[in-house]
Amino acid sequence: MKRKLLTLLMGATLGISSLAGCGGAGTQPQETTVSGETAKEQPQQEASGETDEVPADREVTIWCWDTGDTRKQMHDEFTKATGIKVNLVAVESKDMTQKLQTTLASGGEMPDIAWLEATFRGKLLSLDIWEDITADPYNFDTSQVLDYLIPLETTEGGQYVGPECPSVAGMAYKRELAKEYLGTDDPQELEAMLSDWDSFIAKGKEVVEKSNGTVFMLPSLGAAGQILKGQSTEPFVEGDKLNLDASMRPILEKLLEMKKAGMVDVLDFSSAEEGASYAGDEHIFYPCANWSLEFTIKSNDKDGQGRWGFMLPPGGPFPWGGTVMGVPKGGAHKEEAVEYIRFFFASKEGAELQRDYKGNFSPYKPLYEDASFYSGADDYFAGQDVLQAISQEVFPNIKGVRLPSKYDQDIDDVYNLALKTINASVDGSVSVDSLIESMTDELLTKQPDLSE
């Protein structure tokens, strides 16, 4: 039990890198994050473990953005168990594509494993540089990986690049505000009350009226959009054709409905102001990924002991973030790389190390048959067992995923501009048609190979 609770106890001392490799886009600046990761980006430099006596042919070099002490300590345990040394080279997630391409073109030394973060994953997966680790001689068994992850880890050509420590999300809430304005702070009762977005909006209107417009259901349109966008599985692009009318319109319509109701505050998503709002008493709900517990909520509301709860959002939970461990074809130690991946992402022993040192969830399916593997009452959440709720309620209820696309970053950019346009409108009078038209024009300019 001590090891199982270590994640909770280490939260205050592990530092910002604690959930590296499994974070999600849109987290607060106070977390010192990059888009898609709760890891502090570090200057490009090499770092390695302490076990220098390991032969050079039994080591793996990993390009990643978390080279902190806790990861090194975890790797020391891996080296003791397998005899494989781990060398970490810090590369920012936004630079990974260019660095891989430049290294390949110059004939430089490729890594044995590279991290593929969610925001840039589509572009990275489009590069023909990855081993299919299900093929000989690796034979990685994907039947042991959580089913919903497989499409997110596979190229269009069908190569399975590698697994990830999954990032999923529900919704956090301030118990006192929920009880005052919604009549209960019980997560099951709130889930029943707010089972879909229509009921959420209806209750939001009541909150606005009851508080005279001083209390909001959510702090920002971006927070609402993070949930809606994550729950949607319709592709934004099909082949070389934009599919915004089918995929983006329902999201924008709901956001405009919330804007017109006055139930969502005008803060910018992931801004310092939104970060500060966690400690305030004006906003009830926030999207909450597994990494949000320590590095969004607790870091921004340091005196919030006992005031928070966790629940499934209207429409159900959703994936948020995640980072694939890919094995480049040009790596020098590919079999050792797959052994590393198999150890950490397809075994109980590796999952325990990920959990206890990094607070990460595992893609290893058998673990979720044991409700006690991720478990521990969290006093910050009034004794609620949030880890168990995530493992037993969130993961089994992920309904689907949107497949990665090489256009994801550009789509995110135009979507964020649409959010700003809605936010700037006084009464939500902007039309969805005009938003989609602007998004389409911008995407066609950025990506001339696309068509309407």
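**A walk through the predicted model**

Ser270 is buried, at 18% relative accessible area; buried means under 20%, exposed over 50%, and partly exposed lies in between, with a 1.4 Å probe and protein chains only. Its loop runs between α10 (249–261) and α11 (272–277). Helices (H or I, at least four residues) and strands (E, at least two) are DSSP runs, numbered from the N terminus. Phi of Ser270 is positive, near 65°, and the residue is not a glycine.

This is a predicted model: local features need pLDDT of at least 70, side-chain atom pairs count only at pLDDT 80 or more, and totals for chains, interfaces and linings use all residues. Residues are numbered from 1 along each chain as its sequence is written, and side-chain values use heavy atoms, with hydrogens and water left out.

Asn212 also has a positive phi without being a glycine, here about 55°. Is Asn212 buried or exposed? At 70% relative accessibility, Asn212 is exposed. Its place is the loop between α7 (197–210) and α8 (221–231). Another backbone feature is the cis peptide bond from Asp136 to Pro137, with omega near 5°. Pro137 sits in the loop between α4 (118–125) and β5 (168–174). Most residues other than glycine have a negative phi, and most peptide bonds are trans.

Now take α8. Of its 11 residues, 10 are buried, so the helix is largely enclosed by the rest of the structure. Among the buried residues are Leu221, Ile227, Leu228 and Lys229. Where does the charged end of Lys229 sit? It sits over the ring of Tyr415, 5.2 Å from the ring centre. A charge sits over a ring if NZ of Lys or CZ of Arg is within 6 Å of the ring centre and within 35 degrees of the ring normal. Lys99 lies over the face of Trp63, at 4.8 Å from the ring centre.

Next come the rings. The whole structure holds 21 aromatic pairs. Rings of Phe, Tyr and Trp (its six-membered ring) pair if their centres lie within 6.5 Å; planes under 30 degrees apart count as stacked, over 60 as edge-to-face and the rest as tilted. One of the pairs is Phe200 with Phe285, tilted, at 5.6 Å centre to centre and 55° between the planes. This pair links distant parts of the chain: Phe200 is in helix α7, Phe285 is in strand β8 (residues 285–289), and they are 85 residues apart. Both Phe200 and Phe285 are buried. Elsewhere, ring pairs join Phe361, Tyr368, Phe373, Tyr374 and Phe395 into a cluster.

Step back to the whole protein. It has 17 helices and 11 strands. Of its 452 residues, 60% count as buried. Contact means heavy atoms within 4.5 Å. Among contacts between residues at least 6 apart in sequence, 77% join residues at least 24 apart. The accessible surface is about 17700 Å², and 47% of that belongs to carbon and sulfur atoms. Accessible areas come from the Shrake-Rupley method with a 1.4 Å probe.

Finally, confidence. pLDDT is the predictor's confidence in each residue, from 0 to 100. The protein has a mean pLDDT of 88, and 88% of its residues reach 70 or more. Over residues 1–21, pLDDT stays under 50; the model has 66 contacts beyond four places in sequence for them. Over residues 24–52, pLDDT again stays under 50, with 111 such contacts in the model.
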